[in-house]
Amino acid sequence: MNNVYLGLGSNVADRERFINSALLHLNEDKGCKVLKTSSFYETRPYGKTDQSNFINTAVLIHTSHNPLNLFKLIKSIENKVGRIKRERWGPREIDIDILFYANELIESDELTIPHADIINRGFVLLPILEINPSIIHPKTKKLLKEYLDTNKENDILRIWNNDFNERQGKQN
Ligand code: PH2
Ligand code: MG
Ligand code: MG
């Protein structure tokens, strides 16, 4: 089993429902188990700034899928949850990105792992660091927390509990 961090985001309609639906689909897959979820973070849009605020969260999963199969699985979950194709960096019902896959470094046509822009994104750094404050970036070998700064922290507008783990626990 491999430790993988995923980032989830939504900035259309019922954002929390899209994210929770994606987490349920992930956890239901035989090759994936959701181990830890971060809080929900309401975040200012990054890059293309004339769009609605996002909800972002990070999750740690255990998976038996190799990186390419995991990538295919998350694309199929994005479709099932209801992602509509729009412009690049534009509004989305659900986006699921592989942030870290164990300590692997992959640069292929389909995949870049670790995700290329992690260190510039407060909405990725803060949720991952909530799950694992001492995580090291496998490419730069630096502590991830060294990339935090007040600019990135200021893009976080609100933080609240995601009780996905508790809710799943009750059903088991
Ligand atoms: N995703 C993007 C572009 N900009 N901004 C925020 N706050 N959250 C996102 O998930 C996000 C973004 C493209 O993947
Ligand atoms: Mg993304
Ligand atoms: Mg994506």
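This is a predicted model: local features need pLDDT of at least 70, side-chain atom pairs count only at pLDDT 80 or more; totals for chains, interfaces and linings use all residues.
Local features here need pLDDT of at least 70, side-chain atom pairs count only at pLDDT 80 or more, and totals for chains, interfaces and linings use all residues. Residues are numbered from 1 along each chain as its sequence is written, chains are lettered from A and ligands numbered from 1 in the order in which they are written, and side-chain values use heavy atoms, with hydrogens and water left out.

**View 1. The shell around ligand 1.** Look for Thr 43, Arg 44, Pro 45, Tyr 46, Phe 54, Asn 56, Trp 89, Arg 92, Asp 95 and Phe 123, each with a heavy atom within 4 Å of the ligand. Sorted by class, that's five nonpolar, two polar and three charged residues.

**View 2. Polar contacts to ligand 1.** These are pairs of N or O atoms within 3.5 Å. The side chain of Thr 43 puts a polar atom 2.8 Å from a nitrogen atom of ligand 1. Asn 56 has a side-chain N or O atom 2.9 Å from an oxygen atom of the ligand, and for a polar side-chain atom of Asp 95 the distance to a ligand oxygen atom is 3.4 Å. Protein covers 95% of the 340 Å² of accessible area that ligand 1 has on its own (Shrake-Rupley method, 1.4 Å probe).

**View 3. Two magnesium ions and a pair of aspartates.** Asp 95 (OD) and Asp 97 (OD) coordinate ligand 3 at 2.2 Å, and they are also the protein donors of ligand 2, at 2.1 Å. Donors are N, O and S atoms within 2.8 Å of the metal (3.2 Å for Na, K and Ca); water is not among the atoms, so sites may look incomplete.

**View 4. Asp 95 as a bridge.** Asp 95 bridges the two magnesium ions, ligand 2 and ligand 3, which lie 3.7 Å apart. Both Asp 95 and Asp 97 are buried, meaning under 20% relative accessible area (1.4 Å probe, protein chains only); for Asp 95 the value is 13%.

Technical notes. A polar contact is a pair of N or O atoms within 3.5 Å; within protein, one must be able to donate a hydrogen and the other to accept it, and residues adjacent in sequence count only if both atoms are side-chain atoms. Ala, Val, Leu, Ile, Met, Phe, Trp, Tyr, Cys and Pro count as nonpolar, Asp, Glu, Lys and Arg as charged, and the others, Gly among them, as polar. Buried means under 20% relative accessible area, exposed over 50%, partly exposed in between (1.4 Å probe, protein chains only).
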